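Morning, everyone. Let me put the model up, and then I'll walk you through it.

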Amino acid sequence: MMAGTRLTPFVPPAAEPGAEAVSQEQSGLTAMVGTAGALCSMTTIRCSSDTAIKLATKMAGDETAKDPNIVSDAMGELCNMVAGNFKAKLTSLADHCMLSVPTVTSGDNYVMQAVEPSEVLQVAFNFEASPIYISPNHALLNAAKSSPASRSSSSNFTH
Amino acid sequence: MRKLKILIVDDSAVMRKIVERALRQTGLNLGEGLEASNGAEALAEVQKGSLDIILSDINMPVMDGLEVLKSLPGIEAAKGVPVIMITTEGSEARVVEALSVGAKGYLRKPFTPEQVKERVSPLLVGVL
Ligand SMILES: [Mg+2]
């Protein structure tokens, strides 16, 4: 809504037979917002730098989105809204946990690892033919054990 | 016709821009948008006086939106200036607290320009 666009599920393009798997994104941004209290978790949004600039342009306008600080700000606010609205859906928990301010990491060469073993739900959305990966809440899934089939079996994800 | 003086308080520059754009889409006769990136900066703007309305985020570094609300009664220039809180969180308790310490309404992010108009316009009846 804030980016004035509607996201649809992302379907990765079919690989050519015999082709090597190559990363679609040369560099990326990951925005993170932590939740602490009755629910401890980390919400992340990850996409390529180009996609992040497009999102920031939709949100803040052409003239500002060339500024890397504005791009990070836009990604952080998007993540904040996803985390906040996820929390709002859990009416019994909403009043008993707090959100952190957003943090944004540049680059893809990292591994995210929760100290507590938990499961990762990661959903890919299509934004102007590029994927945006949203990972709502790790620890909650560990507690609730009721998630859609798209979850993976590990708390780690590598880019 | 006099232009409205509106203060937008949010630690996110992108969000301040979105709020201002939404306000301009309401058709209200806005003057230059005043901005603050935390509660302390907001109180400094309030002290200068002649604001018509304040839209403030709740979660901010330095001083959050609830602290701003609690400080306003001690500022002469803030008398009668309505405040609308903008929140990402679903915390009823924080919204209820905001309303109990003087907020006139709240908007939950993400919001539409129509929702901004719905909240803001009734508070400006008689101002224009
Ligand atoms: Mg904020």
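First, a term: by contact I mean heavy atoms within 4.5 Å. By that rule, 23 residues of chain A are in contact with 21 residues of chain B.

Ground rules. This is a predicted model, where local features need pLDDT of at least 70 and side-chain atom pairs count only at pLDDT 80 or more, while totals for chains, interfaces and linings use all residues. Residues are numbered from 1 along each chain as its sequence is written, chains are lettered from A and ligands numbered from 1 in the order in which they are written, and side-chain values use heavy atoms, with hydrogens and water left out.

Back to the interface. The size of an interface is often given as the accessible area lost when the parts come together. Here chains A and B bury about 1800 Å², 61% of it on carbon and sulfur atoms. That area uses a 1.4 Å probe and is summed over both parts.

How many salt bridges are there between chain A and chain B? The count is 1. A:Glu77 and B:Lys109 form it through their side chains, at 3.2 Å, N to O. The rule is a side-chain nitrogen of Lys or Arg within 4 Å of a carboxyl oxygen of Asp or Glu. On the chain A side, H2 supplies the largest share of the residues touching chain B, 10 of them. Helices here are DSSP runs of at least four residues (H or I), strands of at least two (E), numbered from the N terminus.

Next, the core. A nonpolar core is a set of buried Ala, Val, Leu, Ile, Met, Phe, Trp, Tyr and Cys residues joined through side-chain atoms within 4.5 Å. Buried means under 20% relative accessible area, exposed over 50%, partly exposed in between, with a 1.4 Å probe and protein chains only. The largest core has 44 residues, and B:Leu23, B:Leu55, B:Phe111 and B:Val120 have the most contacts inside it. Helix H2 of chain A, residues 68–89, gives the most to this core: 8 residues.

Last, the metal. Which protein residues are donors of the magnesium ion? B:Asp11 (OD), B:Asp57 (OD) and B:Asn59 (O), lying 2.1 to 2.3 Å from the ion. Donors are N, O and S atoms within 2.8 Å of the metal (3.2 Å for Na, K and Ca); water is not among the atoms, so the site may look incomplete. B:Asp11 is partly exposed at 27%. B:Asn59 is partly exposed at 22%.

Terms used:
Buried area is the accessible area (1.4 Å probe) that two parts lose on being put together, summed over both.
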